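Biologist: I have a model open and would like to go through its contacts with you. Can we start with the rings?

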Amino acid sequence: PRKEARDGNERLALLVCHMLCLGPVVRQVQIIWCGRQEQQHTAKHGHEHAAGPYCVNTNQKSSGKYLELYMTRKYYERDSAYLALIDSFIQDAPQLILQLYILLSRHPDDLVNVETALAQLGSVLLSLLSLSLSLVSYAQASRWADPNVPQLTPLAVLVQWLWRLFMLSGRMFVFCMFLTVCLNEFFVFLGFHYLLMLLWILFMRSNFCGSIDGVRRPVSELVY
């Protein structure tokens, strides 16, 4: 979509909202606003579809205004799913590893408080559910944002969710079992893995922090 022009007051409001951790709320409001604009445009000019081989009606061409509104909304939806993915991995993943480590490192005789053990088990399951759903939601939003690729059917979403759930479960359990035996070596492994992934991303010359019109932001990219 086209880059949006924002005045100083709007930039300040967005900055304050992000400092107050209201960024996801702002993004959802923008999605709703774009959807409302689409509805108004459709009511005035008739029903339209974005052009693409996997859209509902491939024979009907969409106007420039409708396509711009559609792509802006999909851009925000994909960005919102990406933010939810980051939030899940920096919040649910550490919580999952912590609870699993506590459960695996304690002797079975110490788990006399059934309510506490069930609460920890529930936390593990909810964290796994959140992590797997965030991965599937981002994959689905990425496909929605591109009308040239096939969309995920409900069965495909279910299969991908199960795949992500079991994959994450296996990896997390292996990490925590290794952590209970080799505590210091585990953090050495994490540091090495972080360095390796950082170098890989730099060599890939990714553009995660680029502007909406594709302008690179190397400083923001390095901090990210």
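Biologist: How many aromatic pairs does a search of the whole structure find?
Modeller: The search finds six aromatic pairs. Rings of Phe, Tyr and Trp (its six-membered ring) pair if their centres lie within 6.5 Å; planes under 30 degrees apart count as stacked, over 60 as edge-to-face and the rest as tilted.

Biologist: What sort of pair do Phe 175 and Phe 186 make?
Modeller: Their planes are at 70° with the ring centres 6.1 Å apart, so Phe 175 and Phe 186 are edge-to-face. The pair links distant parts of the chain, 11 residues apart: Phe 175 is in helix α5 (residues 154-181), and Phe 186 is in helix α6 (residues 183-204). Helices here are DSSP runs of H or I with at least four residues, numbered from the N terminus.

Biologist: Is Phe 186 buried or exposed?
Modeller: Phe 186 counts as buried, at 4% relative accessibility. Phe 175 counts as partly exposed, at 31%. Buried means under 20% relative accessible area, exposed over 50%, and partly exposed in between (1.4 Å probe, protein chains only).

Biologist: Which residues do ring pairs link into a cluster?
Modeller: The cluster holds Phe 175, Phe 178, Phe 186, Phe 187 and Phe 189.

Biologist: Before we move on, what is this model based on?
Modeller: It is a predicted model: local features need pLDDT of at least 70, side-chain atom pairs count only at pLDDT 80 or more, and totals for chains, interfaces and linings use all residues. Residues are numbered from 1 along each chain as its sequence is written, and side-chain values use heavy atoms, with hydrogens and water left out.

Biologist: Salt bridges next. How many does the structure hold?
Modeller: Four, where a salt bridge is a side-chain nitrogen of Lys or Arg within 4 Å of a carboxyl oxygen of Asp or Glu. In one of them, the side chains of Asp 79 and Arg 27 meet at 2.5 Å, N to O. That pair links distant parts of the chain, with Asp 79 in helix α3 and Arg 27 in helix α2, 52 residues apart. Arg 27 counts as buried at 17% relative accessibility.

Biologist: And what does Glu 38 form a salt bridge with?
Modeller: With Arg 73, the closest N and O atoms being 2.2 Å apart. Glu 38 lies in helix α2 and Arg 73 in helix α3, so the pair ties together parts that are 35 residues apart in sequence. Glu 38 counts as buried at 6%, and Arg 73 counts as buried at 17%.

Biologist: Where does Glu 77 come in?
Modeller: Glu 77 also forms a salt bridge with Arg 73, with the closest N and O atoms 3.0 Å apart. Being four residues apart in helix α3, the two are separated by about one helical turn. A network of salt bridges links Glu 38, Arg 73, Lys 74 and Glu 77.

Biologist: What does Gln 99 touch?
Modeller: Gln 99 touches Gln 120, Ser 123 and Val 124, leaving aside residues up to four places away in sequence; contact means heavy atoms within 4.5 Å. Gln 99 is found in helix α3 (residues 64-105) and is buried, with a relative accessible area of 12%.

Biologist: Last one: how does the span of helix α1 come out?
Modeller: The 12 residues of helix α1 (residues 8-19) should span 16 Å at 1.5 Å a residue, and the end C-alpha atoms are 16 Å apart, which agrees. The expected span is 1.5 Å times one less than the number of residues. Just after α1, Cys 21 takes a positive phi of about 60°.
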